[in-house]
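This report describes how the chains of one complex meet and what surrounds its ligands. The sequence and structure are shown below.

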Amino acid sequence: MGRKLLLENINVPGINSFEVYRKHGGYRAVEKALKTMSTEDVVEEVKKSGLRGRGGAGFPTGMKWSFLAKPEGKPRYLVCNADESEPGTFKDRYLMTHIPHLLIEGMIVASYALGAKTSYIYVRGEMMPQIRILERAIAEAKAEGFLGKNILGTGYDLELYVQPGGGAYICGEETALIESLEGKRGNPRIKPPFPAISGLYNCPTVVNNVESIAAVVPIINDGAEEYAKLGIGRSTGTKLISASGNIKNPGVYEIELGVPVEEFIYSDEYCGGMANGKRLKAVVAGGSSVPILPANLILKLTTGENRLMSYESLAEGAFASGTMMGSGGFVVFDEDQCIVRNTWNFSRFYHHESCGQCSPCREGTGWMEKVLHRLEYGHGKLSDLDLLVDVAKKIEGNTICPLGDAAAWPVASAIRHFRDEFEWHVSHAEEAMGRNYGLAHYADPLPKAETIAAN
Amino acid sequence: MAERVKVTIDGISIEVDAGTTILNAARLIGGDIVPPAMCYYSKLEGSGGKCRTCLVKVSKGSDKDPRPMPKLIASCRTGVMDGMEVQNITSPEVVEARKGIVEMLLLNHPLDCPICDQAGECKLQDLGYEHGSEGTRYEFERRTFEKIDIGDKIQLHMTRCILCYRCVYVADQITDHREHGILGRGDASEISTYIEKAIDNDFSGNVIDVCPVGALTDKTFRFKNRVWFTKPVDAHCDCDKCSGKVTLWYKGEEVLRVTARKDVNGEVESFICNTCRFERKNTSEWTIEGPRKISHHSVISSNHYELANPPAVIRKNPALKEANIEEFERVTRH
Ligand SMILES: Cc1cc2nc3c(=O)[nH]c(=O)nc-3n(C[C@H](O)[C@H](O)[C@H](O)COP(=O)(O)O)c2cc1C
Ligand code: SF4
Ligand code: SF4
Ligand code: FES
């Protein structure tokens, strides 16, 4: 069994209450940090741990913290991004539902490290139960002296608030989140300035994902070195993976980074293999925004080595043959799934969620959605495939925020890796309405590296 | 005095105050190397960054950190650094990206120029002509909206809007209270006045002048005449609300409309009040200064579009020639 740091006690009855959580070693990190460590020590420890942001971009958390500007006379803020709306990702919700105090504890330690006296947890609007759970947990922690004025007699004050969002995916983008938190329309800001210099109410702000903040707790408890022993290379520690799709055991798994993808899918410890005896066709490894890969490329690198669940290994091969860790939303497709339909479905999502500020994303997402709809419903053209690739290229990199890229990659990668299936939807339009393309050659052993490179 | 920094845009160097944006530095140089700007408006704080037509390539970040920037960046919202090198029309990548942006901006645009009051002074027409492709690859129904009256003098025809947000910034910054914002999301966004509630403010008419397209038009001028048949004349009056400096647009003896004066970048020199704009349509109410100089690029002065003749830097470079192939074809065909 892999070591668990976040979900170790998840099945303990009553762990969502302060009392039980405390009995199982909870809030030790707050005591340790506030009583024995300076704020710089905490930042240094997180830096040394190698923890990387779990919200999608994988930016080193300690480094992000050290970039926070510290001008005199200006408050600083920590904002926890609990907007989790990426299709295929549901780990933050799981954590907040079952072990809310882990997040609260992480928030206290992180706020202390950053010198924040007011911190926010911005929760996706649809998550009403989680909002209530968190508010209860905050009230409990406050009653026990872990929040509010003069925490544990150390002189450190912290108020923690839960703010429900309105349920827009774009409010998960950190600057849109800040706008929304300020009570405005959730449009991403144009950067620079970055939140570290001018964020919430124009004050220096750090935005971190729920899981990133929760991971600070074991880092402080066990020390950065212990944490960094887990994982592989620059992917240290453990990661929550939301596994869904055609697998036997969908759910949230805490893995040690570096587990082979094959083991993750087929081992009984994790997904338990494919459901209903079907064969694996494709995987979206990090939430809907990352490139989709066919079975052969997700299991193996083009060198023939196993692909691992780590930031580096998933990204190996870049766009040509790789994908990304993203938010850890692991969606598995079996041979009965239609890639065209899935791509259309994703594009519908991005079209619906684009904030509409910048023209390539506002117009391009709708355009791709319409072309994909036409392909899926049997009146596409062969030229549509190149058109889609070109539109995706015109969006990618030319927008204000990464939602544009996130809308472009799934489409561009699906056409790159599943072109035959798209073409079949055009050449056999009627048949495609009645049955699926099937597995075809998508699980065949990879050809030699050179031939792929030449593509 | 502010610190001066040196920036080079398409091979032309200039010294500007630190903190100047790339776009404004390019405007100081002037000519073909100025990126088109559909949303940025120097007089509206916070504007810019949205339309993406002003994207440029930074091939050298600065003398201190010469690394190029990984992506194309919006020149209207990026400050220059000392020693920075920027490519606009000399980068095939920029030309290609811009073509894509123009196609996106026109994707849902009704192209109803023949019946649009803005035709002839429309920034989107100019942009499409200078940087766009001949046709669109979009084969779906375009989005449409009902026309809305914003008060009795202004009409909003959302179907033509490119969501540059300029009018929103005007409403925010020029008028005392904001009645007008954006509703909806993505390509269903629309300018709204919170359900047709009239903007009732002395300066609301300025939204007409800042609108780059024919989405916000002057109802007192609607369908009266094509702009290129009218004669612009600078005039002023003693106004207690605004500068009183305007352009009168004549047809014969009659003043058909009043607008603020626009500079070479198409921006107003100073905002004017609604009284000057809508109420003072008699010559006797104005002191005439003389004919308004209109750029020779404009259809208003020349009655025809100048040929888009690519500048020498492009003509001499094979890669750039390739990127600008459509522009060349257009020139040789004439
Ligand atoms: C469109 C969009 C949606 C996003 N949604 C989320 C989200 O729901 N949760 C999240 O933690 N990060 C989300 N992010 C990433 C955040 O912008 C930000 O990078 C992250 O919260 C930083 O936290 P981390 O460094 O701890 O990962 C999103 C980004 C984009 C562009
Ligand atoms: S990329 Fe899309 S979501 Fe992001 S700012 Fe632009 S329009 Fe909005
Ligand atoms: S109405 Fe005009 S000024 Fe307002 S956003 Fe649309 S195009 Fe811009
Ligand atoms: S003018 Fe710069 S993005 Fe619109």
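How many residue pairs are in polar contact between chain B and chain A? In this predicted model, the count is 21 residue pairs, with both residues at pLDDT 80 or more.

## Interface of chain B and chain A

The size of an interface is often given as the accessible area lost when the parts come together. Here chain B and chain A bury about 2800 Å² between them, and carbon and sulfur atoms account for 50% of that area. Three residues, M104(B), R137(B) and R185(B), provide 26% of the area that chain B buries against chain A, more than any other three residues. Chain B brings 33 residues to the contact, and chain A brings 33 residues.

Charged pairs also cross this interface, where 6 salt bridges are found. The side chains of K381(A) and E139(B) meet in a salt bridge, at 2.7 Å from N to O.

## Surroundings of ligand 1

Ligand 1 is surrounded by 18 residues. The closest are G55(A), N81(A), N208(A), N209(A) and S212(A).

Side chains of chain A approach oxygen atoms of this ligand. For N209(A), a side-chain N or O atom is 2.6 Å from an oxygen atom of ligand 1. For S212(A), a side-chain N or O atom is likewise 2.6 Å from an oxygen atom of ligand 1. K64(A) places a polar side-chain atom 2.9 Å from an oxygen atom of ligand 1.

Which cavity holds ligand 3? Ligand 3 sits in the largest cavity. The residues around ligand 3 include the cysteines C161(B), C164(B), C167(B) and C211(B). Also among them are I162(B), L163(B), Y165(B), I191(B), P212(B), V213(B), A215(B) and L216(B).

By class, the shell of ligand 3 has 12 nonpolar residues, with no polar and no charged ones.

Key
Residues numbered from 1 in each chain as written. Chains lettered and ligands numbered in written order. Predicted model: local features only at pLDDT ≥ 70, side-chain atom pairs only at ≥ 80, totals over all residues. Heavy atoms only, no water. Contact = heavy atoms within 4.5 Å. Buried area = accessible area lost by both parts, 1.4 Å probe. Salt bridge = Lys/Arg side-chain N within 4 Å of Asp/Glu carboxyl O. Polar contact = N/O pair within 3.5 Å; in protein donor to acceptor, adjacent residues only side chain to side chain. Near = heavy atom within 4 Å. 1 Å grid on protein atoms, 1.4 Å probe; cavity = no way out; pocket = protein on both sides within 12 Å on 5 of 7 lines; lining within 4 Å. Sits in = over half its atoms within 2 Å of the grid points. Nonpolar A, V, L, I, M, F, W, Y, C, P; charged D, E, K, R; others polar.
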